[in-house]
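This report looks at how the parts of one protein chain are put together. Please keep the sequence and the structure at hand while reading.

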Amino acid sequence: MTLHLYNTFLRAKEPFAPIDPSNVRMYVCGPTVYDLAHIGNARPVIIFDVLYRLLRLIYGEGHVTYVRNITDVDDKINAAAREKNVPIAEITAATTAAYHADMAAIGALPPDHEPRATETIPEMVAMIETLIQKGHAYAADGHVLFAVQSFEDYGKLSRRDQDELIAGARVEVAPYKKYPGDFVLWKPSDADTPGWDSPWGRGRPGWHIECSAMSKKHLGVTFDIHGGGRDLIFPHHENEVAQSVCANAAPFARYWVHNGFLTVEGEKMSKSLGNFRTVRQELEKAPGEAIRLAMLKTHYRQPLDWSDDSLKEAREAVGKWYRAYREVTGGAKYEGEASVPPAFAAALCDDLNTPEARTLLDAYAGEVFTAKTPAAKEVALKHLLGAANLLGLLTQGPDDWFHSEKGALEPAEIERLIAARIAARKGKDFAEADRIRDELAAAGVILEDRPGGVTEWRRA
RNA sequence: GGCCGGGUGGCGGAGUGGCUACGCAGCGGACUGCAAAUCCGUGUACACGAGUUCGAGUCUCGUCCCGGCCUCCA
């Protein structure tokens with residue numbers, strides 16, 4: 001079982017071979033903390049969380065280092081602070097805390113390191129100095145710029161031709177640039193803007209240098225996987241490559257993994273369209289595991305249309321698996337040992353084929369339902385749980401899943417009505433039993449009568 | 001204009017040459033006091049046109065349509 005990943009650099013799937021199997025290293029571009037995480041931010045988090053879990057399965061839990069940064073210095077943050085008239089640190093602290101809470105709610109494991117840009121300024125300054133010394137960057141007008149023409153391979157990752165880029169450029173070229181494609185490594189800050197002292201005066205880093213410095217600090221100059229959204233390929237990742245390769249005189253990331261874009265109800269998500277959806281808003285509609293499955297039921301490189309219907313379908317699908325789970329445990333969390341079926345691992349090893357993985361989960365759940373003996377059901381459940389857990393799904397007990405959502409009626413009241421209905425049924429008073437069931441249905445509670453006189457309930 | 005990706009059944013969504021996934025919805029049946037849940041069965045597809053091949057959603061070329069990026073953006 002060999003992991004194959006689609007490498008953007010080659011535009012092809014290739015077998016994954018880590019530099020050091022005892023320490024597989026992955027870097028993923030994290031959020032700029034100026035606002036609540038939206039559902040588009042959640043996609044790479046969930047995808048690379050699955051990749052992280054898979055790598056830990058293959059190479060061992062202690063043998064994978066996952067770094068995801070926090071960008072806490074950025075002009076959007078400055079703008080948000082100005083708009084709300086609060087200190088910048090307040091914005092970044094509150095947004096970071098919200099981000100952690102939201103990512104935990106969608107079941108993402110925390111990365112091994114989560115460096116902040118503001119904690120990595122000396123490393124960035126050092127890298128910029130190296131680039132100037134080596135003739136890859138120059139100071140001009142308080143700025144430091146990367147000289148794109150000094151790097152022969154510039155444009156290789158994004159497959160862009162420099163001259164064509166400039167011809168198609170939409171933005172006015174800043175006067176201090178020697179060449180229109182040059183990009184900012186360091187820019188001056190006025191008194192009201194966050195800044196750090198540097199050889200070029202008080203200023204702040206450009207966006208791209210952050211990731212070059214933070215990845216180097218925690219993963220070394222050359223590491224295995226660099227991930228992010230495909231919209232980052234150019235300019236962000238292209239520029240990271242240029243900075244890192246030129247400063248370190250060593251290869252940068254070996255595998256570039258990019259997830260596809262996300263639309264909402266068929267439209268690009270944007271503030272101007274007013275269709276921004278935060279993770280928080282979606283968590284009001286469905287549990288975190290439903291959000292995860294809604295993300296994973298489409299292959300990560302495909303475009304994904306996020307919709308209420310799709311989220312609802314994912315919630316139902318997860319519900320079916322929990323129903324199978326309940327078939328074995330009666331609602332409690334399973335205490336036995338689960339195992340990942342080889343076919344399931346193989347699906348994920350094929351460039352994270354999560355749609356195929358989802359199909360297998362349905363098959364394992366089906367085996368639970370159709371198995372003839374309790375022992376056979378339990379074997380099937382071990383497969384279901386081992387597989388689902390690898391995707392960060394089925395992490396709670398069935399009762400937790402079915403009963404934790406809020407609704408019009410409290411669980412205690414629901415249980416009371418169910419007891420009354422059971423009594424009515426025992427007395428063959430079906431009219432009363434049906435009246436209670438209708439009453440519950442009106443309150444969004446669906447009943448499922450199970451063998452042995454047990455009645456289960458769930459929210460519609 | 002350049003680069004990249006996509007067009008599969010009512011909907012979602014896999015599938016890089018041959019065995020016509022899978023899920024949801026629909027329909028029929030079993031089970032049930034009736035439902036719900038579950039099980040069994042069942043119909044519908046590969047944007048269009050050429051080509052390669054014994055054989056093509058799957059490879060090649062062309063056409064049409066949709067989306068992303070082109071120095072703010074997961």
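**Domains**

The model is predicted. Chain A is split into three parts, namely domain 1 (19-263), domain 2 (286-402) and domain 3 (406-459). Taken over C-alpha atoms, the centres of domain 1 and domain 2 lie 34 Å apart.

**The interface of domain 1 and domain 2**

Domain 1 brings 23 residues to the contact, and domain 2 brings 23 residues. The size of an interface is often expressed as the accessible area that is lost when the parts come together. Between domain 1 and domain 2 about 1,900 Å² is buried, with 70% of this on carbon and sulfur atoms. On the side of domain 1, Arg43, Val50 and Leu54 lose the most area to domain 2, and together they make up 27% of what that side buries.

How many salt bridges are counted between domain 1 and domain 2? The count is 1 salt bridge. A salt bridge joins the side chains of Asp49 and Arg292, with 2.7 Å from N to O.

Which elements give two or more residues to the side of domain 1 that touches domain 2? They are α1 (39-59), β10 (253-259) and β11 (262-264). Of these, α1 gives the most, with 12 residues. By residue class, the side of domain 1 that touches domain 2 has 15 nonpolar, 5 polar and 3 charged residues.

**Side-chain pairs**

Counts for the model come to 11 aromatic pairs and 32 salt bridges. A pair of aromatic rings is described by the distance of the centres and the angle of the planes. The rings of Phe16 and Tyr59 have planes at 75° and centres 6.2 Å apart, so this pair is edge-to-face. Phe16 is in the loop between β2 (12-15) and β3 (24-28), whereas Tyr59 is in helix α1; the two are 43 residues apart, and the pair links distant parts of the chain.

Among the salt bridges is the one between Lys187 and Asp75, whose closest N and O atoms are 3.3 Å apart.

| Salt bridge | N to O distance |
|---|---|
| Asp49 and Arg292 | 2.7 Å |
| Lys187 and Asp75 | 3.3 Å |

**Backbone features**

Most residues other than glycine have a negative phi, and most peptide bonds are trans. The peptide bond from Phe234 to Pro235 is cis, with omega near 5°. Pro235 is placed in helix α7 (residues 233-248). Asp351 is not a glycine, yet has a positive phi of about 55°. The loop between α11 (342-349) and α12 (354-370) holds Asp351.

Technical notes
Residues are numbered from 1 along each chain as its sequence is written. Chains are lettered from A and ligands numbered from 1 in the order in which they are written. This is a predicted model: local features need pLDDT of at least 70, side-chain atom pairs count only at pLDDT 80 or more; totals for chains, interfaces and linings use all residues. Side-chain values use heavy atoms; hydrogens and water are left out. Domain bounds come from an automatic or database domain assignment. Contact means heavy atoms within 4.5 Å. Buried area is the accessible area (1.4 Å probe) that two parts lose on being put together, summed over both. A salt bridge is a side-chain nitrogen of Lys or Arg within 4 Å of a carboxyl oxygen of Asp or Glu. Helices (H or I, at least four residues) and strands (E, at least two) are DSSP runs, numbered from the N terminus. Ala, Val, Leu, Ile, Met, Phe, Trp, Tyr, Cys and Pro count as nonpolar, Asp, Glu, Lys and Arg as charged, and the others, Gly among them, as polar. Rings of Phe, Tyr and Trp (its six-membered ring) pair if their centres lie within 6.5 Å; planes under 30 degrees apart count as stacked, over 60 as edge-to-face and the rest as tilted.
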